[in-house]
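Please open the model in your viewer and keep the selection tool at hand.

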Amino acid sequence: MDIRELRYFAAVYRERNLTAAAKRCFISQPSISAAITNLETELGTTLFIRHKKGMAPTESAAQFHAVARRIIDEADAARNLFRKPAIRKALTLGLLRTLDQARTIALLKPLTGNADLALRLVGANEKADARIVSKSMVGAGEHFIPLWSERYVAALPPSHPLTLKETLRTADFAGVPMIDRCHCEQQEFFKRASPPRAPVAIAESEDWAMALVAAGVGVAIVPEGVARGNPDVAVRAIEIDVTRQVGLAYPAARPPSDALKEFIARLPRQHANSARARSKASKPNPSTPRRGR
C-alpha cells in the first residue's frame, strides 16, 4: 500500500461515493476503485459494501480509517517540516455564527490543510473575500452559491411534556419558557408567527443555547444543524415551515481571487446547476441575485 491509496481510501470513506471521491482527489473513478480493491486484497478484508447509492463502510473500514488518517496526517507533517516559506495566497472568509459545526468543519478542513493558503476567519458582517451565510443575508451586489438547506426545529429538554408530540404547533409554545438566540437571522419572523412571550434567557452562542435547553431552562427554536448530534436535547419538528439556505456569497463587482476560485471549485453543490454558478467565479455577472429566506 502507498500513501496515495490511503488518501483515496480516506476520500471514499468521507464521501461514501466513488464518483465524489474521485472528484475530490482529481483522478478518474477507475483509479479510486482499483486503489480500494488493492487495499482490500492487501489487508484481507472488505472495506466497503457497494450498492446503487454509493459505498457503505464496513466495521473494518472504520477501524482502518483511524490508522490511515494518522499516517496521512504524519506524512503531510513530514512534508511540511522542511518546506521553505513561500508567498502564500490569502483568503478571508466571513462566517455566520449559527452555522452547522459539522458542515463548517468539512468546508474548512481542505483550507486548513493547504500550506500555501493563509486563511483568516471573521464575522459574517465584517470585510471578507467571501461569506458563508444564509441566503436571506445576501446583498444586492453579491453572487450566491447554495451549499445546503436546513429546516428550523424545536430543541427541548428531554423530559419536557412537548416531547410527547412529533410535530409542534405555534399554539403549543404559549406559556412555555423560551430561549432566544442573539444571532438568529429569523428572530423577527418567529416573534411575529409565535404567541407573545417573554424569553427566560437570551443566549449569545449556539453552544450556550443548547446548554440552557439541556439544563431545562427552556425551549429554543434553532436550525436543525445546531441541535444535530447533541445527545442532551430532544428535537421536534414545528408546523411553521421555515428553512434556510446556506451558501457562499461573494462580491459580483470584482473578479474572485485565485484562492477564492480554488475554494469555489472544491465546494459541494446543493443543486445540479452548479456548473453555471462555478462559471460566475471566472466571469462576474452584474445581475442581482434573488433574496431567499
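This is a predicted model: local features need pLDDT of at least 70, side-chain atom pairs count only at pLDDT 80 or more; totals for chains, interfaces and linings use all residues.

The stops below each name what to select and describe what is found there.

**Whole protein**

In cartoon view, the protein shows 10 helices and 12 strands. Switch to a surface view: the accessible surface comes to about 16,200 Å², and 53% of that area belongs to carbon and sulfur atoms. Of the 293 residues, 42% count as buried. If contacts are displayed between residues at least 6 apart in sequence, 72% of them join residues at least 24 apart.

**The largest pocket**

Next, select Arg 7, Asp 76, Lys 109, Pro 110 and Gly 113, which are the closest to the centre of the largest pocket among the 31 residues that line it. The volume of this pocket is about 1,100 Å³.

Now colour the elements that give two or more residues to the lining: helix H1 (3–15), helix H2 (18–25), helix H4 (59–81), helix H5 (101–112) and helix H9 (258–265). Which element provides the largest share of the lining? That element is H4, with 7 residues. Colouring the lining by residue class gives 14 nonpolar, 4 polar and 13 charged residues.

**The aromatic cluster**

Select Phe 9, Tyr 13, Phe 48 and Phe 64 and show their side chains; ring pairs link these residues into a cluster. The structure holds 3 aromatic pairs. A pair of aromatic rings is described by the distance of the centres and the angle of the planes.

Start with Phe 9 and Tyr 13, whose ring centres are 6.0 Å apart and whose planes stand at 40°, so the pair is tilted. Both residues belong to helix H1, and because they are 4 residues apart there, about one helical turn separates them.

Then move from Phe 9 to Phe 48. The centres of these two rings are 5.7 Å apart and the planes are at 50°, so this pair is tilted. Phe 9 lies in helix H1 and Phe 48 in strand E1 (residues 48–51), so the pair ties together parts that are 39 residues apart in sequence. With a relative accessibility of 1%, Phe 48 counts as buried.

Definitions and conventions:
Residues are numbered from 1 along each chain as its sequence is written. Side-chain values use heavy atoms; hydrogens and water are left out. On a 1 Å grid over the protein atoms alone, a cavity is a set of points where a 1.4 Å probe fits but cannot get out, and a pocket is an open set with protein on both sides within 12 Å along at least five of seven lines; lining residues have an atom within 4 Å of a point. Grid points are joined across faces, edges and corners, and a volume is the space filled by probe spheres set on the points. Ala, Val, Leu, Ile, Met, Phe, Trp, Tyr, Cys and Pro count as nonpolar, Asp, Glu, Lys and Arg as charged, and the others, Gly among them, as polar. Buried means under 20% relative accessible area, exposed over 50%, partly exposed in between (1.4 Å probe, protein chains only). Contact means heavy atoms within 4.5 Å. Accessible areas come from the Shrake-Rupley method with a 1.4 Å probe; for residues, only the protein chains shown count as cover. Rings of Phe, Tyr and Trp (its six-membered ring) pair if their centres lie within 6.5 Å; planes under 30 degrees apart count as stacked, over 60 as edge-to-face and the rest as tilted.
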